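Please keep the sequence and the model at hand while reading.

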Amino acid sequence: MSILLIEDDEFARELIEMVLAGTGLDVVSVSDGDEALELLEQGETFDLLVTDIRLPGQHDGWSTAVEVRRFIPDIPVIYMTASHQQSCPVSRSVYLRKPVKPKLLVSVIGALLGRPLSLEPAV
(Lines give C-alpha, C1' and ligand atoms only; values in the text may rest on other atoms or scores of the structure.)
Protein backbone atom coordinates (compact mmCIF):
# COMPACT_ATOMS: atom_id res chain seq x y z
CA MET A 1 0.00 0.00 0.00
CA SER A 2 1.31 3.39 -0.88
CA ILE A 3 0.96 6.66 1.01
CA LEU A 4 1.40 10.19 -0.34
CA LEU A 5 2.68 12.39 2.50
CA ILE A 6 2.65 16.18 2.13
CA GLU A 7 4.46 18.05 4.90
CA ASP A 8 6.46 21.25 4.53
CA ASP A 9 8.37 20.88 7.81
CA GLU A 10 11.38 18.73 6.91
CA PHE A 11 11.85 17.28 10.41
CA ALA A 12 8.16 16.36 10.75
CA ARG A 13 8.11 14.92 7.22
CA GLU A 14 11.12 12.70 7.89
CA LEU A 15 9.72 11.54 11.23
CA ILE A 16 6.29 10.68 9.81
CA GLU A 17 7.89 8.97 6.82
CA MET A 18 10.04 6.87 9.18
CA VAL A 19 7.02 5.88 11.29
CA LEU A 20 4.94 4.90 8.25
CA ALA A 21 7.79 3.04 6.56
CA GLY A 22 8.21 1.14 9.84
CA THR A 23 4.75 -0.34 9.34
CA GLY A 24 5.68 -1.75 5.95
CA LEU A 25 3.89 0.92 3.92
CA ASP A 26 5.47 2.54 0.88
CA VAL A 27 5.73 6.29 1.48
CA VAL A 28 6.34 9.04 -1.05
CA SER A 29 6.81 12.40 0.63
CA VAL A 30 6.81 15.90 -0.79
CA SER A 31 6.94 19.36 0.75
CA ASP A 32 3.95 21.02 -0.91
CA GLY A 33 0.72 20.43 -2.78
CA ASP A 34 2.16 21.49 -6.11
CA GLU A 35 4.76 18.69 -5.96
CA ALA A 36 2.06 16.20 -5.00
CA LEU A 37 -0.12 17.16 -7.95
CA GLU A 38 2.87 16.89 -10.31
CA LEU A 39 3.34 13.27 -9.20
CA LEU A 40 -0.31 12.51 -9.96
CA GLU A 41 -0.09 14.22 -13.34
CA GLN A 42 2.87 11.92 -14.10
CA GLY A 43 0.66 8.89 -13.43
CA GLU A 44 1.60 8.01 -9.84
CA THR A 45 -1.18 6.47 -7.77
CA PHE A 46 -1.61 6.18 -4.01
CA ASP A 47 -3.89 4.42 -1.53
CA LEU A 48 -3.96 7.22 1.06
CA LEU A 49 -3.17 10.92 1.30
CA VAL A 50 -1.68 12.36 4.50
CA THR A 51 -1.38 16.14 4.29
CA ASP A 52 -0.56 19.12 6.43
CA ILE A 53 -3.20 21.81 6.01
CA ARG A 54 -0.91 24.84 5.93
CA LEU A 55 1.40 24.42 2.95
CA PRO A 56 3.50 26.81 0.89
CA GLY A 57 2.74 27.34 -2.76
CA GLN A 58 -0.47 27.57 -4.71
CA HIS A 59 -2.34 24.79 -2.89
CA ASP A 60 -2.96 24.35 0.83
CA GLY A 61 -3.87 20.92 2.21
CA TRP A 62 -7.61 21.43 1.69
CA SER A 63 -7.35 22.37 -1.99
CA THR A 64 -4.67 19.75 -2.62
CA ALA A 65 -6.98 17.02 -1.30
CA VAL A 66 -9.77 18.22 -3.57
CA GLU A 67 -7.40 18.16 -6.56
CA VAL A 68 -6.03 14.72 -5.62
CA ARG A 69 -9.60 13.44 -5.71
CA ARG A 70 -9.79 14.43 -9.37
CA PHE A 71 -7.11 11.79 -10.01
CA ILE A 72 -8.09 9.22 -7.35
CA PRO A 73 -11.78 9.78 -6.49
CA ASP A 74 -12.02 7.45 -3.49
CA ILE A 75 -8.66 8.11 -1.82
CA PRO A 76 -8.97 8.51 1.97
CA VAL A 77 -7.39 11.66 3.40
CA ILE A 78 -5.78 12.46 6.74
CA TYR A 79 -5.43 16.19 7.41
CA MET A 80 -2.89 17.26 10.03
CA THR A 81 -2.37 20.71 11.51
CA ALA A 82 -1.31 22.50 14.66
CA SER A 83 -4.05 25.10 14.17
CA HIS A 84 -7.57 24.95 15.56
CA GLN A 85 -9.27 24.91 12.17
CA GLN A 86 -11.40 21.79 11.79
CA SER A 87 -13.15 21.31 8.50
CA CYS A 88 -13.08 18.22 6.32
CA PRO A 89 -14.38 19.17 2.88
CA VAL A 90 -13.45 15.77 1.44
CA SER A 91 -15.43 12.67 2.36
CA ARG A 92 -13.57 9.70 3.89
CA SER A 93 -11.27 12.11 5.67
CA VAL A 94 -9.91 12.43 9.19
CA TYR A 95 -8.56 15.50 10.97
CA LEU A 96 -5.63 15.05 13.40
CA ARG A 97 -4.16 17.77 15.55
CA LYS A 98 -0.36 18.05 15.67
CA PRO A 99 1.70 16.79 17.28
CA VAL A 100 0.22 13.43 16.27
CA LYS A 101 1.28 10.42 18.31
CA PRO A 102 2.72 7.71 16.07
CA LYS A 103 0.43 4.98 17.46
CA LEU A 104 -2.66 7.11 16.77
CA LEU A 105 -1.53 7.91 13.23
CA VAL A 106 -0.81 4.25 12.49
CA SER A 107 -4.14 3.21 13.98
CA VAL A 108 -6.09 5.73 11.88
CA ILE A 109 -4.22 4.75 8.72
CA GLY A 110 -4.92 1.08 9.40
CA ALA A 111 -8.63 1.83 9.84
CA LEU A 112 -8.81 3.87 6.63
CA LEU A 113 -6.93 1.21 4.65
CA GLY A 114 -8.94 -1.62 6.19
CA ARG A 115 -5.94 -3.52 7.51
CA PRO A 116 -4.23 -3.65 10.89
CA LEU A 117 -0.82 -2.00 11.07
CA SER A 118 1.72 -2.07 13.85
CA LEU A 119 4.82 -0.09 14.66
CA GLU A 120 8.24 -1.63 14.94
CA PRO A 121 9.22 -1.82 18.64
CA ALA A 122 11.95 0.82 18.22
CA VAL A 123 9.45 3.57 17.29
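Glu 7 is buried, with a relative accessible area of 1%, where buried means under 20% relative accessible area, exposed over 50% and partly exposed in between, with a 1.4 Å probe and protein chains only. This is a predicted model, in which local features need pLDDT of at least 70 and side-chain atom pairs count only at pLDDT 80 or more, while totals for chains, interfaces and linings use all residues. Residues are numbered from 1 along each chain as its sequence is written, and side-chain values use heavy atoms, with hydrogens and water left out.

A search of the whole structure gives 3 salt bridges, each being a side-chain nitrogen of Lys or Arg within 4 Å of a carboxyl oxygen of Asp or Glu.

| Pair | N to O distance |
|---|---|
| Lys 98 and Glu 7 | 2.7 Å |
| Lys 98 and Asp 52 | 3.2 Å |
| Arg 70 and Glu 67 | 2.6 Å |

Glu 7, Asp 52 and Lys 98 are joined in a network of salt bridges. Asp 52 is buried at 5% relative accessibility, whereas Lys 98, at 23%, is partly exposed. Lys 98 lies in the loop between S5 and H4 and Asp 52 in strand S3 (residues 48-52), so this pair ties together parts 46 residues apart in sequence; helices (H or I, at least four residues) and strands (E, at least two) are DSSP runs, numbered from the N terminus.

Arg 70 and Glu 67, by contrast, are 3 residues apart in helix H3 (residues 61-71), a separation of about one helical turn. Arg 70 is exposed at 57% relative accessibility, and Glu 67 is partly exposed at 22%.
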